[in-house]
Amino acid sequence: MNADRAGAGTVSAQAATVDVARERAQTVGVRHAHHLNSAGAALPTVAVVDEVVAHLRREENEGGYEAAAAVSGRIEQVYADAARAVGASAEEIALADSATSGLRVIVDALRVDRSTRLLVGRSTYVSHALHLLSLAKHTDAELIVVPNGADGAIDLERLERLLTGGPRDVVCLAHVPTSSGLVEPVRDIGALTRRSGAVYLLDATQSVGHLRVDVDEIGCDALVTTGRKFLRAPRGTGFAYIRGALLDGLAPVAPDVRGAVWTGAREWSLSPTARRFETWESSVAGRLGLGVALRQLLARGVDATAAYLCATATLLRQGLAAIDAVTVQDPPSCASGIVTFTVDGLEAEAVSQRLAARGVRTVAVPASHGQWDLGARGVPAVVRASVHVYNDDADADALLDAVAEIARGAGT
């Protein structure tokens with residue numbers, strides 16, 4: 001990063017425990033642009049892509065069923081690796097095609113009705129929010145959007161007062177939202193839900209592969225994540241964790257042959273594991289790629305990854321804040337690899353497009369993707385930049401230089 005970025009330091013100075021050069025060497029996409037959109041879809045490594053392509057070639061030659069049977073042991077390893085990544089057991093892991101799908105089947109299995117109280121954070125992602133709003137509308141369940149505190153995170157005192165006690169309280173929260181670099185106090189929330197007996201569902205889409213995530217430390221009853229973001233896995237992959245104590249009383253609304261056995265004319269039995277929530281059809285190639293990405297994360301180290309991403313984003317946040325006509329939109333409770341900002345006089349989409357024309361990849365997040373957050377703050381949209389272990393000083397400089405140039409010309 002340029003020396004004239006006052007007090008910003010350099011990305012390379014933060015890289016002591018992450019071999020950024022090695023990460024870049026195994027990431028083809030860094031040769032073509034400054035990719036700062038890991039919170040949308042991170043760049044996969046060569047090994048991940050090779051694994052996917054190799055299995056598709058195997059299906060081409062042997063057939064889908066035959067190819068799947070040949071790699072069944074390696075698919076089993078994916079469950080073990082996913083469990084290691086979040087501190088769970090393999091029996092508590094279900095593979096899914098997305099975090100949204102995984103969360104939907106878990107929420108539906110709770111059999112929400114008019115006795116249910118849905119306590120949700122303002123950081124809730126649009127797809128999950130729409131699902132909960134629809135459930136509340138059609139079941140008369142009570143839906144309460146818990147307010148934020150002064151730091152922008154969920155107000156823990158208000159949440160504690162709202163919890164009435166018992167499993168009909170369902171707390172739904174995003175660990176890191178799509179609309180800012182906020183990190184919710186997930187462990188403190190877990191302590192509250194354990195004391196009250198509420199069910200605690202965590203959307204970890206933006207945190208697994210990015211921050212340290214341990215389900216026992218957090219205290220959540222279920223967690224979902226996707227592959228394509230900070231895990232650097234193929235699209236169409238993801239997984240869910242369901243704590244054994246919750247799983248014992250939870251049955252899918254629509255059992256599938258993957259997770260259930262049809263035992264008689266009107267009887268069926270469910271898998272004793274979280275796989276009762278899976279469906280038969282899946283991308284075996286994608287799941288093998290997910291396995292490679294998980295092993296790469298575990299080999300690199302979750303803590304080292306988190307330290308590098310958070311430090312790099314902090315430097316970007318400082319650099320952006322120093323540019324005239326630029327406003328960093330992240331709340332005070334922000335300790336992640338995601339940075340959001342706006343440029344005076346320009347729509348976020350226009351800024352993101354101008355950055356793309358300069359070879360810098362970001363994304364514009366509209367209020368329609370986070371009405372309880374951006375909408376509540378009166379921010380129509382933000383530009384989101386999100387870093388990963390393959391981002392270096394040149395990527396940081398490219399973003400800051402381009403934003404400064406765009407900001408200077410915003411009024412012309």
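Predicted model: local features only at pLDDT ≥ 70, side-chain atom pairs only at ≥ 80, totals over all residues.
Colleague: Let's begin inside. Which residues have the most contacts inside the largest nonpolar core?

Modeller: The general idea is that nonpolar side chains in soluble globular proteins tend to be buried together. Here the largest nonpolar core has 45 residues, and those with the most contacts inside it are Val86, Ile93, Leu159, Tyr200, Leu223 and Phe239. Take Val86: leaving aside neighbours within four places in sequence, its contacts include Ile93, Leu223 and Phe239, along with Asp214. There is also a second, separate core of 43 residues, with Ala304 and Leu399 among them.

Colleague: Now the outside. Which residues form a nonpolar patch on the surface?

Modeller: Tyr65, Val257 and Trp280 do, with about 410 Å² of accessible area together.

Colleague: Is Val257 buried or exposed?

Modeller: Val257 counts as exposed because its relative accessibility is 61%, and exposed means over 50%. You will find Val257 in the loop between α11 and β9.

Colleague: Backbone angles next. What is the phi of Asp140?

Modeller: About 65°, a positive value although Asp140 is not a glycine. Asp140 sits in the loop between α7 and β4, and is partly exposed at 47% relative accessible area.

Colleague: And where does Ala325 lie?

Modeller: In the loop between α13 and β11. Ala325 also has a positive phi, about 75°, without being a glycine. With a relative accessible area of 29%, Ala325 is partly exposed.

Note on methods:
Residues numbered from 1 in each chain as written. Heavy atoms only, no water. Patch = residues over 30% accessible without salt bridge, like charges linked within 9 Å, V, L, I, M, F, W, Y side chains within 5 Å. Areas by Shrake-Rupley, 256 points an atom, 1.4 Å probe, with all protein chains shown as cover. Salt bridge = Lys/Arg side-chain N within 4 Å of Asp/Glu carboxyl O. Helix = DSSP H or I, 4+ residues; strand = E, 2+ residues; numbered from the N terminus. Buried < 20%, exposed > 50% of the residue type's maximum accessible area, 1.4 Å probe, protein only. Core = buried A, V, L, I, M, F, W, Y, C linked by side-chain atoms within 4.5 Å. Contact = heavy atoms within 4.5 Å.
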